[in-house]
Amino acid sequence: MNIDFGTTEKVIGIDLGTTNSLAAFLDLTGPKIIPGADGDKLVPSVVSISPSGEVVVGNAARELLITQPGRTVYSVKRLMGRGLDDIQEELKLFPFHLASGSESVLQLQIGDRTYTPPEISALILRQLKQNAEAYFGEPVSKAVITVPAYFNDAQRQATKDAGRIAGLEVLRLVNEPTAASLAYGLDKRENGTIAVYDLGGGTFDISILKLHDGIFEVLATNGDTHLGGDDIDNLLLRIALEDVQGEWGEDLAGDSEGVQRVRRAVIQAKERLSFVPFTDISLEYRGNKYQREIQRELFDKLIAPIVDRTLGPCRDCIKDAGVTPEQIDEVVMVGGSTRIPLVRTAVENLFRSKPHTELNPDEVVALGAAVQAAILSGDVADKLLLDVTPLSLGIETMGGVVSKLIHRNSTIPASATESFTTGVDGQRNVLIHVVQGERELVKDNRSLARFDLKDIDPMPAGLARIEVRFLIDANGILNVTARDLRTGKEHSIDVKPSYGLTDEQVEKMIQESFEKAEQDFQERQVREARVEADTILAAVEKARRHDAYFELSDDERSAMDRAINELLLVYHSEDHHLILNKNEQLNQVTMKLAENMMNTAVRGALKGTKI
Ligand code: ADP
Ligand code: MG
């Protein structure tokens, strides 16, 4: 018999957002957001790196956007797992400073160093990890991270890489809409159709999920990667700048600090307007004052076209999911911009049901991630939660047709094996082309990766036997293996389209980030031993007030006191073996007490049994 002191390591849930990121964990009363050092729960997804390599993340980094624009990065999520071709639209709208060589792997130039998007994201994750460690007073090394439902393999892989670089073992990537549904406990209804409407800072996502027997399936997703609160800010900013020019006779447009100040003022007014019918946009800048009242009625008129732009994708998504608005059982609101009353009404009208808004819309994804984290760490029992692959996966076969190995909606992890043969006499190489999608022809599907299985035995066409195996892990990442059954030659890849990071690159970053690994590890072991000591000491302290304690003999009690004293003596030592040793000793001498406590508990329970 032993007391379970509950020293298992906490797993945190992380919403790694385009605009804001945050971390959460599950305690006995439910999921909670972990606040940062400045007390704020939201950590703006902004990273600034000083010439000496000092890293600033969050609110402080956002301030530096004005004075250090060349050393400060925001919206890096837009670059995760992307190649140069993918981000041409982003480059028109965002001042990303790409380094040369970005044709093969995207790199951001900050001073004389370059950083890949996962490395920048890792700095945000590291901040969240540190916030959690400061909050718990113990190390945190495991996390669940959320990603948009439409993220492809490379984007998911890049997010996982970011976790690894930050020193976090990513136990699972979870789709953001799935996490939001979990935060609302919708998995408990077992079956149903859920729409998740997510209007954040710069992106709009609509997803329709189907829940069957507690399993979430993404039926369809849609959205607009350049639509969100930023558009509202820009609209108000234009009006305020015009006003200012009229009143002060000064055009601030070229003054980046001035513009930033006006932007701050309109954002504050916008956020207040979600709660009050009118407010002031007000600011003081260089001795000048600007103040203008804005009514919600006018605000609603101004933003109506922006809100309308979300409705088209919603209708398309409903259609793609093959459901009618009436068949949607629950609507979940996600993203800070869904606090706006007009947005809520528009969504309610479209789906003809009142959306869930009980939880903070900018926290709900992180809260759901924390629920998933607790499930994976075993803190929440009796719960099965799985995701499914949203699209079928297959390979190209003769004639440019797709042979599907894993069909859409398969619950993951999933695997499938199939045999193929050669189409040409004496063929020595086989090209394996991995594609994703529902269409029959390769050209209508998305190409994920290509590789050659080389030097197979030359045989007449149709005689070679090539076995292809697909394996999707719990994060939705695909591994493909091709094997020539005659020679046993094999080639395997994790499907990261050509613009993903190579393993070597990731390894190198991890290497770099673990320069102090040994020292950190030492420290961590000591801290862990002390945490364990704290828990044991607290439990023993509590047990002293228990009846069972008074049933112990004097000898037993003094042995306990001795063990406590010995543990306290080594508590501050830097040798974790010493602490662990004394922890164990105290555990040993309190074993009888634990047993007695259990027995009284059982006796009490029996006494209370009624017939
Ligand atoms: P993301 O998921 O893109 O990281 P969030 O969900 O955190 O972003 O949403 C950020 C956006 O929400 C910002 O544009 C912010 O101004 C907006 N927002 C936050 N609170 C409010 C509010 N009370 N009223 C209107 N918009 C808000
Ligand atoms: Mg978000």
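Two strands count as paired here if DSSP finds at least two bridges between them. Strands themselves are DSSP runs of E, at least two residues long, and are numbered from the N terminus. With that settled, strand 20 and strand 23 (residues 466-472) run antiparallel and are joined by 7 bridges.

What you're looking at is a predicted model, so local features need pLDDT of at least 70 and side-chain atom pairs count only at pLDDT 80 or more, while totals for chains, interfaces and linings use all residues. Residues are numbered from 1 along each chain as its sequence is written, chains are lettered from A and ligands numbered from 1 in the order in which they are written, and side-chain values use heavy atoms, with hydrogens and water left out.

**Around ligand 1**

- Ligand 1 is surrounded by 17 residues, and the closest are Thr19, Asn20, Lys270, Glu271 and Ser274; a residue makes the list if one of its heavy atoms lies within 4 Å of the molecule.
- By residue type, that shell splits into 2 nonpolar, 11 polar and 4 charged. For this tally, Ala, Val, Leu, Ile, Met, Phe, Trp, Tyr, Cys and Pro are nonpolar, Asp, Glu, Lys and Arg are charged, and the others, Gly among them, are polar.
- Polar contacts to the ligand are pairs of N or O atoms within 3.5 Å. Thr19 has a polar backbone atom 2.8 Å from an oxygen atom of ligand 1.
- Asn20 uses its side chain instead: an N or O atom there sits 2.8 Å from an oxygen atom of ligand 1.
- Arg339 has a polar side-chain atom 3.1 Å from a nitrogen atom of ligand 1. On its own, ligand 1 has 590 Å² of accessible area, and the protein covers 90% of that (Shrake-Rupley method, 1.4 Å probe).

- Ala416 faces Phe470 of strand 23 across the pairing.

- Strand 12 (residues 192-199) pairs with strand 13 (residues 204-212) in the antiparallel sense over 8 bridges, and Asp198 stands opposite Asp205 of strand 13.

**Other strand pairs**

- Strand 2 (residues 20-27) and strand 3 (residues 30-33) run antiparallel with 4 bridges between them.
- A hairpin of 2 residues links strand 2 to strand 3, and Asp27 lies opposite Gly30 in strand 3.
- Strand 18 (residues 393-397) is joined to the antiparallel strand 19 (residues 401-406) by 5 bridges, with Leu393 partnered by Ile406 in strand 19.
- Strand 18 also pairs with strand 21 (residues 430-436), in the antiparallel sense over 3 bridges; Ile395 has Val434 of strand 21 as its bridge partner.

Terms used:
Polar contact = N/O pair within 3.5 Å; in protein donor to acceptor, adjacent residues only side chain to side chain.
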